Amino acid sequence: MSEGAEGIGEAVTGGMIARAVEPEAGELRPDKDPGRCLNCGAALVGAFCHGCGQSAHVHRSLHAWWHDFLHSVLHLEGKMWRTLPLLAWRPGELTRRYIDGERARFVSPLALFLFSVFTMFAAMSIAGGSVIGMDDPRAGVDIAGELRAAQAQVDTLEAERRAAAARRGDVAAVDRRLEGARRERDALRDAQEFAAAPRELRTGWGRLDEGIKKANENRSLFFYKVQTNAYKFSWALIPISVPFLWLLFLHRRRYREEFKAYDHMAFVTYSISFMSLGLVVLILLNRIGIFGAIVGLATIIVPPVHIYRQLRGAYRLGALSALWRTALLLFLASVAMLVFGLLLLTLGVLG
């Protein structure tokens with residue numbers, strides 16, 4: 001056996017050969033083995049362990065704890081600040097560079113997706129569930145009291161209708177008011193059920209029927225449920241969207257051979273992350289009262305421009321080729337969102 005083969009997994013220090021063996025619990029202490037890694041026991045050569053990568057110097061302070069927290073969540077030591085500017089201004093370059101192998105420099109698509117989804121729904125919670133003027137239908141409302149008042153209104157109108165019918169009067173105006181009062185009462189009943197506990201849902205297509213029915217009956221409650229529950233299944237947007245993106249390149253053999261499913265997955269994940277972080281900005285602007293015509297216009301312009309730039313850079317497309325694919329992808333994205341919504345309805349998340 002050669003000397004190189006014999007040296008695998010071994011470290012030479014001061015003429016002695018010491019194997020990097022996983023230590024027993026509590027076996028390693030700085031005062032016992034200052035020249036060994038406190039994690040795996042390998043002999044230290046330099047500032048980091050060559051066996052497991054741990055730093056030779058272990059911090060034990062509150063400052064170090066907060067440093068580790070911020071680094072773990074936000075990758076403040078470079079990655080996040082290298083990724084976000086490219087994601088915003090040159091998304092195609094970011095996607096292409098990551099696919100081509102520059103992995104250590106940037107936050108991975110999946111890690112950024114998880115961060116963006118967490119940030120988005122944290123912002124929703126901090127903002128009181130408000131997204132572009134859409135508030136929690138239950139916030140600050142005594143639902144039980146409102147329901148009693150609504151039922152009393154229905155009872156009054158029903159008595160008024162009976163009286164009008166008895167004297168052969170015109171009941172059409174009363175019927176219109178009664179219909180509106182009943183709709184309001186039924187909506188409050190749904191809100192009360194939602195606030196109390198999730199309802200048991202039927203299996204099969206009945207779930208979808210139930211979800212669509214409830215969404216039509218009370219749209220404000222429907223959109224509130226979208227805000228508060230959709231994040232649990234937001235990961236499903238990735239596998240739903242990838243086939244639609246793949247369709248854009250199906251007719252060209254060169255693209256089918258050059259770009260793999262992984263590339264499409266990275267593209268979709270980075271794109272969804274950007275849209276989620278953009279929604280965070282809208283939530284915050286709306287919260288502080290800045291949301292207006294200019295910001296509303298930006299919500300119409302930014303997504304297609306971002307998709308165009310990402311398509312052109314990630315897939316090395318010409319301007320015209322990227323332009324028609326952007327238009328088609330915007331349509332397919334709406335289809336993907338529809339599929340996602342039907343999935344949520346079927347699972348009973350929104351119904």
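1. Start with a charged pair. D100 and R96 form a salt bridge, with their closest N and O atoms 3.0 Å apart. The term covers a side-chain nitrogen of Lys or Arg within 4 Å of a carboxyl oxygen of Asp or Glu. R96 counts as buried because its relative accessible area is 10%. Buried means under 20% relative accessible area, exposed means over 50%, and partly exposed lies in between (1.4 Å probe, protein chains only).

2. A word on the source. This is a predicted model, where local features need pLDDT of at least 70 and side-chain atom pairs count only at pLDDT 80 or more, while totals for chains, interfaces and linings use all residues. Residues are numbered from 1 along each chain as its sequence is written, and side-chain values use heavy atoms, with hydrogens and water left out.

3. Now the overall picture. The protein has 14 helices and 2 strands. Both are DSSP runs numbered from the N terminus: helices are H or I with at least four residues, strands are E with at least two. Of the 351 residues, 35% count as buried. The protein exposes about 21200 Å², and carbon and sulfur atoms supply 62% of that area. Accessible areas come from the Shrake-Rupley method with a 1.4 Å probe; for residues, only the protein chains shown count as cover. Take the contacts with a separation of 6 or more: residues 24 or more positions apart account for 64% of them. Contact means heavy atoms within 4.5 Å.

4. Back to R96, which sits in helix 4. Which residues does R96 contact, leaving aside its neighbours within four places in sequence? They are F259, D263, G313, A314 and R316. Helix 4 itself is mostly covered, with 7 of its 9 residues buried. The buried ones are P91, G92, L94, T95, R96, Y98 and I99. Just after helix 4, G101 takes a positive phi of about 125 degrees.

5. R316, one of the contacts of R96, deserves a look. R316 lies in the loop between helix 13 (293-314) and helix 14 (319-347). Its phi is near 55 degrees, a positive value in a residue other than glycine. Most residues other than glycine have a negative phi. R316 counts as partly exposed because its relative accessibility is 47%.

6. The side chains of E93 and R97 meet in a salt bridge (2.9 Å, N to O). Why are E93 and R97 separated by about one helical turn? Because they are 4 residues apart in helix 4 (residues 91-99). E93 is partly exposed at 25% relative accessibility. R97 is partly exposed too, with a relative accessible area of 22%.

7. R105 and E102 form a salt bridge, their closest N and O atoms being 3.6 Å apart. R105 is partly exposed at 39% relative accessibility, and E102 is partly exposed at 29%. Salt bridges that share partners join R90, E93, R97, E102 and R105 into one network. The whole structure has 11 salt bridges.

8. Next, a helix pair. Two packed helices are described by the angle between their axes and the distance between the axes. The axes of helix 3 (residues 79-89) and helix 12 (residues 261-287) come within 10 Å and cross at roughly 90 degrees. So helix 3 is roughly perpendicular to helix 12. Axes are lines fitted to C-alpha atoms, for helices over the stretch in contact, and angles run from 0 to 180 degrees between N-to-C directions. Angles under 35 degrees count as roughly parallel, over 145 as roughly antiparallel, 65 to 115 as roughly perpendicular, and the rest as oblique. From helix 3, T83, L84, L87 and A88 meet Y270, F274 and L277 in helix 12.

9. Turn to the surface. L62, W65, W66 and F69 form a nonpolar patch there, with about 510 Å² of accessible area together. Patches are made of residues with over 30% relative accessible area and no salt bridge; like charges are joined within 9 Å, nonpolar side chains (Val, Leu, Ile, Met, Phe, Trp, Tyr) within 5 Å. L62 lies in helix 2 (residues 62-74). L62 counts as exposed because its relative accessibility is 69%.

10. One last pair. E184 is in helix 7 (residues 172-196) and is partly exposed, with a relative accessible area of 48%. E184 and E146 are 38 residues apart in sequence and 9.7 Å apart in space, C-alpha to C-alpha.
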